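Please examine the model shown below alongside its sequence. The account that follows begins with one side chain and then widens to its surroundings.

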Amino acid sequence: MDERQPARRPGGRSARVRAEVHQAVTELINERGYGNFTVGDVAARAGVADSSIYRRWGNLATLLTDVALTHLNARSPMPDTGSLAGDLRTYAAQVAREITGPDGLALLRLAVALSHNGKQGVKAGEDLLVERSRQLQSMLDRSRARGEHAPDAFDVLDHVLAPMYVRVLLGIGPLTPEYVDGLVDRLLSPRPGQRDGGP
């Protein structure tokens, strides 16, 4: 009985270790920046063995990707307000809060650094983009099922998320509610020569 007890509790210690390791990574990024710490540093900060990190994530790049995905994607669930405009405004506001929070800038820098760091880094950047696009697509598909004309996921990335990311990364202005709503309004406004609701 005792030998099988850990197998019946897959979420307890495992989830706790993951949270502690993620927190350690976030703290080290804030303190030292990307590329200035090792798996050993993370393990020491989290109070776990190096082998635990290697067994679960395989290498530092995979761990950092998991941290970035968790923070930049999972914290912004897809809203369902009943309209595309409402969904996009709510989602954009969530992302704005997420990337201007205590760890937002560090995690954005991590995502950028991962996408420019060799083959593993490019794969990490692609994973971040695919996951963000997948989340957006579910919202846009629901909008189309209601009969609304919805933009492509990449249009949302280009016209709503990217400007917010750039502002935070470069420190060129606050993400006020008016600014964030304006990004959504411009995305949804018919372009010159385009009929309202048409392609």
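R18 is partly exposed, with a relative accessible area of 26%; the class partly exposed lies between buried, under 20% relative accessible area, and exposed, over 50%, with a 1.4 Å probe and protein chains only. This is a predicted model, in which local features need pLDDT of at least 70 and side-chain atom pairs count only at pLDDT 80 or more, whereas totals for chains, interfaces and linings use all residues. Residues are numbered from 1 along each chain as its sequence is written, and side-chain values use heavy atoms, with hydrogens and water left out.

R18 forms a salt bridge with D66, and the closest N and O atoms are 3.0 Å apart. The term denotes a side-chain nitrogen of Lys or Arg within 4 Å of a carboxyl oxygen of Asp or Glu. Because R18 belongs to helix α1 (residues 12–32) and D66 to helix α4 (residues 60–74), the pair ties together parts that are 48 residues apart in sequence. D66 is buried, at a relative accessible area of 17%.

By this rule the count comes to 12 salt bridges. Among them is the pair of R142 and D80, whose closest N and O atoms are 3.3 Å apart. R142 lies in helix α7 (residues 118–145) and D80 in the loop between α4 and α5, so this bridge ties together parts that are 62 residues apart in sequence. R142 counts as partly exposed, at 25% relative accessibility, while D80 is exposed, with a relative accessible area of 53%. R142 also meets D87 in a salt bridge (3.5 Å, N to O). Since D87 is in helix α5 and R142 in helix α7, the parts tied together here are 55 residues apart in sequence. D87 counts as buried, at 0% relative accessibility. These residues belong to a network of salt bridges that links D80, D87, R142, R146 and E148.

The overall fold may now be considered. The protein has nine helices and zero strands; these elements are DSSP runs numbered from the N terminus, with helices being H or I of at least four residues and strands being E of at least two. Of the 199 residues in the protein, 39% are buried. Among contacts between residues at least 6 apart in sequence, 63% join residues at least 24 apart, where contact means heavy atoms within 4.5 Å.

Two helix pairs illustrate the packing. Helix α5 (residues 84–99) and helix α9 (residues 177–188) pack at an angle of about 140 degrees, with their axes 9 Å apart. Axes are lines fitted to C-alpha atoms, for helices over the stretch in contact, and angles run from 0 to 180 degrees between N-to-C directions. The two helices are therefore oblique to each other, given that angles under 35 degrees count as roughly parallel, over 145 as roughly antiparallel, 65 to 115 as roughly perpendicular and the rest as oblique. The contact is made by L84, A85, L88, R89, A92, A93 and A96 of α5 and V180, D181, V184, D185, L187 and L188 of α9. By class, this contact has 10 nonpolar, no polar and three charged residues; Ala, Val, Leu, Ile, Met, Phe, Trp, Tyr, Cys and Pro count as nonpolar, Asp, Glu, Lys and Arg as charged, and the others, Gly among them, as polar.

The axes of helix α2 (residues 39–46) and helix α3 (residues 50–57) come within 8 Å and cross at roughly 115 degrees. That angle makes α2 roughly perpendicular to α3.
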